[in-house]
Amino acid sequence: MLTTHTLGFPRIGSQRELKFAVEQFWRGELDEAGLNATGRELRLRHWQWQHAAGLRFVSVGDFSYYDQILDTTVLLGAIPKRFGFDAAQLSRSQYFELARGNAAQPACEMTKWFDTNYHFLKPEFDHDTRFDGGPQWLLDELQEATQAGFQAKVQLVGPLTLLKLARVQGIDALSLLPRLLPAYVRLLRQLAAEGCNWVQLDEPILGLDLDSPWLNAYAPVYRELAEAHPGILLTTYFSSVAEHAELLKSLPVAGLHLDAVRAPQQLGAFGDWPAGKVLSIGIVDGRNVWKTDLDAALDKLTPLYHRLGDNLWVGSSCSLLHVPVDLDQETRLAEEIKDGLSFARQKLAELATLSRALCLGRSVCFQALEQNRAALARYRTLPARNDTAVARRLANLPEIERGLSYGERALLQRERLKLPLLPTTTIGSFPQTNAIRAQRGAYKRGELSQADYTRAMQAEIAHAVSRQEALGLDVLVHGEAERSDMVDYFAEQLAGVAVCQHGWVQSYGSRCVKPPMIWGDVSRPLAMTVEWTRYAQSLTHLPMKGMLTGPVTLVQWAFVRDDKPRAEVAYQMALALRDEVAELDAAGIAAIQIDEPAFREGLPLKRADWPAYLDWAVTAFKLSAAGSRPETQVHTHMCYSEFEDILPAIAAMDADVITIETSRSAMTLLDAFGEFRYPNEIGPGVYDIHSPRVPPVAEMTTLLEKALKVIPAERLWVNPDCGLKTRAWPETEAALINMLAATRQLRQRLAAGTAETLAAASVATAAHVHEGECCGPRGE
């Protein structure tokens, strides 16, 4: 049969077994042997599923206890020297300290994996970095697969992608190749000696706009790697690599993988693929949950099969890491919606059907193909997929400007809010305790009445408000006790959107999310947050922020229908949120935060495609925010992305206040905001909420001092990096106490005039920024 394979399988388990085991290990409730046993059990189960579906290979190297990029740096022995760990003897506890930080060191920097919602940990390299090897965990997993009787394809991040994504200090990244390449050669030889015939080297940076030095490195690098292992499958995904077709054809690798879901047009550039080499086509979508149209896939694959024969491989477009594990667990989804869905296990079956139909003819797979046609026909003709009222609103979009410039709005807002210098706030959520989860679970199971649930959540909101008042925060939040997730919560209340029971996808580490499925036109039947926020505001005289997830993020963190342009879906979402913003404003809420952490994430990989995306993304945000009056302060939040190259678009969003993640990068991101002369207010995060570490006051003070060198004091806010739902109350309060102490120190120094250099820097920065002036053109 034709070779079928995946580029990776979800590791979390169909019931999130890995998440719970890892968190038990962190709490000391499970030892390393128990954690490893869970890992072995999951790997074996996933390999059995792949084998049972008829895949030629099982994937080895796609399993990770936290992050596969971190695993690669550990495998190479290139862990950050600041931790003081012996790479060759690294323990599992130390591995997690690299990811989460410890009392002495902050965690490794975390950012998004290309345009996905998966977060990876950036390697830290410098002129002293050595690649002398670390724990042999990968070889152990290969031996597991071999001993279980499976044929394995080992997955590794390619050396050039690893370098490109690393945080390299003091030297040119490519100068590390003479040290890095021998480590890869050594590893490939070890894999060959273990009987591994195929190694998948992922090089997704080929889908970016690469400079000549990086492109020129591919030929010598892969010439050396191919000598070390004859079975290299060079893997690309997420974007077209057609512009590099001649280079890729010339590389001495055994095969190449192309993403024919994201970039089907690139197949034409490889029509003269060299004889004897494998061409792997990613035809089953690894990024979305919609069922594969098998007839359409076969139409694309058949000509290739006739030309390439067994040198054609069929696979997933990318790793299945980005989709839920098993649709069969979803017992509450409407059957007509399930007709259009396919999760990771179901995608394995799709690959098997495609292989059989190509090799034996479509008639052999008549039943499977007919079932696929019928299910898609039922799903595509659902009447609720199209809403005429939504279509009418889209045809007559309302005004997206807020009526006054930022400078004019800021005067009104300062008069209304009466905030001190360096106002303090948090990003939105407070700890989701076991008691909150139990109450929410009981309500969803029907064991708690609506009235009792409302009272329980109001008690949690009152608790969060009182603790914020006691701490001394200036702008409060209600804590989001009623929200299981910042996307799920809204998805459950919007028409045209469905939410799964078990559709979990890994976001980072043990953090899993359930992306909703936008299957129809989106609208807002009822208010979603107004009563909770109104209640919270009634408990305090301090300003209470209304908390919403923005339209771009609600789209980007969902599985979006593929029969309409993404921009149109975003505008539908923005109109729904606009109605919510208007009601919050009418209820007297003086500050409304519209979070857009996925704004940068949605950026296409090719720069030529950026303007179109940024145009509709900015429009969608402004469309939602324009539901508020000028005197109402609009906040937005962005995190764990690199914003330097899209600052004109962020400025064009025209939020009154933006809060951003900066603590893991020691405020270096703010340099770009300063050089760009960002015109509105900024709250750079002063501590990392994804780590249990509580930074001391002096550390936060230092970060704020750096911020004051590029941001005028009158436009600087103080806040954590992100929401606090994943933290416990003791560490939350300890960190906020230190944050507020650092703020008070700086306020006193600024007021007393003893921080002359800080004040001078602040004034110098302010001199370049004019109230209400659009700085987009100057930043380009």
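# Contacts around the chain

Visitor: Is Tyr-379 buried or exposed?
Guide: This is a predicted model, where local features need pLDDT of at least 70, side-chain atom pairs count only at pLDDT 80 or more, and totals for chains, interfaces and linings use all residues. Residues are numbered from 1 along each chain as its sequence is written, and side-chain values use heavy atoms, leaving out hydrogens and water. Buried means under 20% relative accessible area, exposed over 50%, and partly exposed in between (1.4 Å probe, protein chains only). Tyr-379 has a relative accessible area of 5%, so it is buried.

Visitor: Which charged residue sits over the ring of Tyr-379?
Guide: A charge sits over a ring if NZ of Lys or CZ of Arg is within 6 Å of the ring centre and within 35 degrees of the ring normal. Here the charged end lies 4.4 Å from the centre of the Tyr-379 ring. It belongs to Arg-385.

Visitor: How many salt bridges are there?
Guide: A salt bridge is a side-chain nitrogen of Lys or Arg within 4 Å of a carboxyl oxygen of Asp or Glu. Counted this way, the total is 52.

Visitor: How many residues apart in sequence are the parts tied by Glu-601 and Lys-112?
Guide: The two side chains form a salt bridge, 2.5 Å from N to O. Glu-601 lies in the loop between β19 (591-595) and α22 (610-625), and Lys-112 in strand β3 (residues 110-112). Helices (H or I, at least four residues) and strands (E, at least two) are DSSP runs, numbered from the N terminus. The pair therefore ties together parts whose separation in residues is 489.

Visitor: How are the rings of Phe-9 and Trp-49 arranged?
Guide: Rings of Phe, Tyr and Trp (its six-membered ring) pair if their centres lie within 6.5 Å; planes under 30 degrees apart count as stacked, over 60 as edge-to-face and the rest as tilted. The structure holds 25 aromatic pairs. For Phe-9 and Trp-49, the centres are 6.0 Å apart and the planes stand at 65°, so the arrangement is edge-to-face.

Visitor: How are the rings of Trp-290 and Tyr-379 arranged?
Guide: Their centres are 5.8 Å apart and their planes stand at 25°, so this pair is stacked. Trp-290 sits in the loop between β11 and α10 (294-308), and Tyr-379 in helix α13 (residues 366-380), 89 residues apart. The arrangement asked for is again: stacked.

Visitor: Which ring has Arg-16 over its face?
Guide: Arg-16 is 3.7 Å from the ring centre. The ring is that of Trp-504.
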